[in-house]
Amino acid sequence: MVRSYASDPVDPGLVDRALSNATRAPSAGFSQGWAFLVLDTPADVRRYWEVTADDVDDPDEWLSGMMRAPVVIIPCSSKAAYLRRYAEADKGWTDQDEARWPMPFWHMDAAMAALLILQTATDAGLGSCFIGVPTPRVDAVRAEFGIDPEYDPVGVVTIGHPADGGAAGSPTRRPRKPVTDVVHRGRWGGRGGHQASPSA
Ligand SMILES: Cc1cc2nc3c(=O)[nH]c(=O)nc-3n(C[C@H](O)[C@H](O)[C@H](O)COP(=O)(O)O)c2cc1C
């Protein structure tokens, strides 16, 4: 993740490619209940920071680095789209009962789409960062940009050319967990890590 950007513009073709890739994310039942609010003019980007930050005129280091990103994309998810899709004949959940869902797939799918945006930026040598919309500001973001009431912003992706090393975050202060700590083979607490290679 990059949190300090140069002011250089981002190729609009790259943004289009990132959005096209986002729509290739997997989605439950191919519901595709996602939408992407794209802010790619200085005025629109500024509007985002004005409604979400108190200190746009006196930004701290994090905010001033982030505010220079020329592109902000807000991936959104629609729970209603998934409930409707799964009420169709091939799925049959006609009661549209949310309790049927083991996970909020609407948010998961939008998050996977967001990852494709991040990866597209990285592949192009650009920087990007996923952040959340501050909870007390979600309604203001909805109002400012006229977000459809059926859709929820799942977060924000900034895209731009990295500056100052990109202002790396927590990974510079916290160790990455070893694979062996997070993988559980066969049962939780069982042998983790890499599959043993077959012995001769
Ligand atoms: C759901 C989510 C929320 C995040 N929120 C923030 C944030 O508010 N501020 C920030 O600087 N980084 C945020 N990040 C970026 C993480 O800090 C970053 O991904 C993590 O430290 C790993 O660093 P890396 O992505 O550079 O490997 C967020 C990432 C995710 C996935």
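In the predicted model, helix α5 comprises 19 residues, 105-123.

Burial along α5 involves F105, W106, D109, A110, A113, A114, I117, L118, T120 and A121. An α-helix has 3.6 residues a turn, so residues three or four places apart point the same way. The cover over the buried residues of α5 includes the helices α1 (12-22) and α4 (79-85), together with the strands β1 (34-39), β2 (71-77), β3 (127-131) and β5 (156-160).

The largest nonpolar core contains 36 residues, among which V72, I117 and I159 touch the most other members. At least two residues of this core come from each of α1, β1, α2 (42-52), β2, α4, α5 and β5. The greatest contribution is that of α5, which supplies eight residues. For V72, when neighbours within four places in sequence are left aside, the contacts are L39, V45, Y48, V156 and T158.

The ligand is surrounded by M1, R3, C129, F130, I131, G132, G155, G169, S170 and P171. By residue class, this shell divides into five nonpolar, four polar and one charged. Strand β3 (127-131), part of the cover over α5, spans the positions of C129, F130 and I131, which belong to the ligand surroundings.

Methods. Residues numbered from 1 in each chain as written. Predicted model: local features only at pLDDT ≥ 70, side-chain atom pairs only at ≥ 80, totals over all residues. Near = placed C-beta within 6 Å. Nonpolar A, V, L, I, M, F, W, Y, C, P; charged D, E, K, R; others polar. Helix = DSSP H or I, 4+ residues; strand = E, 2+ residues; numbered from the N terminus. Expected span 1.5 Å × (residues − 1). Buried ≥ 20, exposed ≤ 12 C-beta atoms within 10 Å, placed from the backbone. Contact = placed C-beta atoms within 7 Å. Core = buried A, V, L, I, M, F, W, Y, C linked by C-beta atoms within 7 Å.
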